Amino acid sequence: MSEQCGFCGSVYWKEEKNTAHKYTKCCHDGKVQLPAFPLTENSPDAKNYRKRIREYNSALAFASMGAQIKPPRGTGPYCYRLHGQVYHRVSPLYASDQHKESYGQLHIFDSSEATEKRLSNNQNCLQHIFEKLDFMLREINPFAQSYLQMPRLVQEHPTTSVKMVFLEDKNLNMRRYNAPTLRTEVAAIFVGDNGESPANRDICVYPVGDTCQSISPLNQCCDPMTYPLLFPRGECSWNTGMEHVEERRTAKRTCVTQLQYYGYRLSQRNDFSILHDSGKLFQQYIVDAYVKTEGSRLHFLRQNQKDLRIELYRGVLDALECRAHNENICTGKLIILPSSFQGSPRHMQQNYQDAMAMVRKFGKPDLFLTFTCNPSWSEILNSMEGVQSPEDRLDIIRGLPHAHILLTLDSESKIRTKDDIDKFVSAELPDPCTDLRLFQIVTKCMVHGSCGSININSPCMRDGQCCKCFPKQFKDDTEENVNGYPIYRRRATEPVQVGKYSIDNRWVVPYNPWLLKKFNAHINVEVCASVKSVKYLYKYVYKGHDAASVKIQKEGALDHDENLSFVEGRYVSAPEAMWRLNEFNLSHKSHTVVRLAVHLPQQQPIVYQDGQEAQAIERAALRKTTLTSGFELHKNDPSAHNISYSDIPQYYMFDKSTTNWKKRHRNPSGGWRALASRGQSPLVIKKIVIRYRIMIHRILFQIVSKQF
């Protein structure tokens, strides 16, 4: 990582510049500036501390983080992954008779008693490490000091209500409260009832209570209370009043967003950072940070459904009402996730339709690649510090577990015969005498892990069988097309020893020799032998992140809540969370694909708010769609008489401000192509093709056989 941001000093790989040839993911071009993390010394029991760091942090935390932790199957590197909802909670000051003391409740005991209670719940941790960490927090952490102050006031005023409030933003004025009896750096402690209930986002700790209070992800105390080992001095995190650097802010946006805050915090700089040196806890923090930012987006969408409503969603409501009528129950709420939300069903469907539009124009793809990051690349290992391993530094590998790539070859390089297949793809062990380096890469990266009767606990096992159908059968010659896929040549040869197992060609994952030696990584290459495989492959590429199928039904009412279903069903892992916090794209196409409107008369989709339907209709009457403007173009421009609607964008561009087609001033043969694709309106589908999609630029992924 040799490149550096000119504003905040974050380090980057050379190819991470944006389209403006700048590095902006860290501080957004100098707009964000936060105080640095404090320095600390390394523990003498570093091995135990790093291995158990999440246990140490949880035992010393003031607030809990609740989530279903679902690590991936297998014996690979550690990966923090959660499923469904995430909750942050704070408990009352004193534990009830039915529960043991935990979290903030332990900070009111003396050090030795608190350490003893923590060790009883974390027997793999070391006592003297707990003692050192407890002493450090009591000395420098304002939350620990606040918890020590509250019991004293409770004892001094046994008959008066006492509460401790951690404010959403400590810079806000206190007019909604009476003057506090005691004020610490992060909290205000009140003795007596001031007649005002706490604000929604303030954290209020009472001496006793039956339940825990949820902490708003918008409260700046959430991170330091949940991660005291990452924020030992109680440094507050993002809040709604955080502003851009004055010299760099714009008139349109002046405040730091939650995503910008975490992007800045997670960027690597040359100074030592507790955050980046915290191993497994760093992964948990990354996932927690992303869930907060995604939760803010989902909350906005939930609260602004009337502003996001579009007439095309009416079909969803009609189906909901019909089903509710058939089941004799009332219609509940309708919450829609629009296509602008990455990961929503509509977003994935649009990507899939765009890709299928390219297939209709250029034919099926020829190669399907699964490219997996190699954590042993020298660039990654050279960026490690001390005893770090690649899974500890997702900010360096940038969350790159693997990528699925579909490639279309040019006409001269098309795969037409089984000899062409053998030229592109091999499924055999290379001869170490003729190509030792390729043999080493194949045996290290391209051998399917032991499974079946050899290892029934392998992550690929489903119902006693390998889901990838390994080991394969020996085959003397390649078969071109069997159910849409070729069967590659796997000749019977002498087995070789790989680790503690003896393997032969039946266990080799198909690969391309040139790509393997070029990138030294796991790159599975498959030939798309038939158009039958195309639909599955594109759906596989655009299927989105892992998710469970969850149906949430309220008794007596039929709801359609895509927001809640998305949250309850999602899986979020640390690599994906890091990728999303860096604002990297989830997918990329070699061609830009845009849509042409197709609709029946007076049935174009319009966006409207409840109560403003008339104004929306008036606006729609004054503005033309690409279709109605196309009719006018054919009527008024003689040069367009012989141009079909789908070919108009080759010669004209649509001006959204005037809603008119304007002639292009460049050579129309610059790569513009019109593509038809399937739409969503069932009424229009019966009569006409619902959407067209336009493709621009030349194919970026053209692989010439000479390269291989």
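Modeller: This is a predicted model, and a search of the whole structure finds 2 cavities of 30 Å³ or more.

Colleague: What makes the largest of them a cavity, and what volume does the largest cavity have?

Modeller: The term applies because a 1.4 Å probe fits at its points but cannot get out, and the volume of the largest cavity comes to about 70 Å³.

Colleague: How do you know which residues line the largest cavity?

Modeller: A lining residue must have an atom within 4 Å of a point, and those that line the largest cavity are Ser 10, Val 11, Tyr 12, Lys 25, Cys 26, Leu 266, Ser 267, Gln 268, Asp 395, Arg 398, Met 578 and Asn 582. By class, that lining has 5 nonpolar, 4 polar and 3 charged residues, and Tyr and Cys count as nonpolar.

Colleague: What lines the second largest cavity?

Modeller: The second largest cavity, with a volume of about 30 Å³, is lined by Pro 217, Asn 219, Asp 223, Ser 237, Trp 238, Gln 258, Tyr 262 and Lys 292. Its lining has 3 nonpolar, 3 polar and 2 charged residues.

Colleague: How do the axes of helix 2 and helix 8 cross, and which residues make the contact?

Modeller: The axes of helix 2 (residues 53-60) and helix 8 (residues 279-303) come within 7 Å and cross at roughly 65 degrees. Contact means heavy atoms within 4.5 Å, and the residues that make it are Ile 53, Arg 54 and Asn 57 of helix 2 with Lys 280, Leu 281 and Gln 284 of helix 8. By class, this contact has 2 nonpolar, 2 polar and 2 charged residues.

Notes: Residues are numbered from 1 along each chain as its sequence is written. This is a predicted model: local features need pLDDT of at least 70, side-chain atom pairs count only at pLDDT 80 or more; totals for chains, interfaces and linings use all residues. Side-chain values use heavy atoms; hydrogens and water are left out. On a 1 Å grid over the protein atoms alone, a cavity is a set of points where a 1.4 Å probe fits but cannot get out, and a pocket is an open set with protein on both sides within 12 Å along at least five of seven lines; lining residues have an atom within 4 Å of a point. Grid points are joined across faces, edges and corners, and a volume is the space filled by probe spheres set on the points. Axes are lines fitted to C-alpha atoms, for helices over the stretch in contact, and angles run from 0 to 180 degrees between N-to-C directions. Helices (H or I, at least four residues) and strands (E, at least two) are DSSP runs, numbered from the N terminus.
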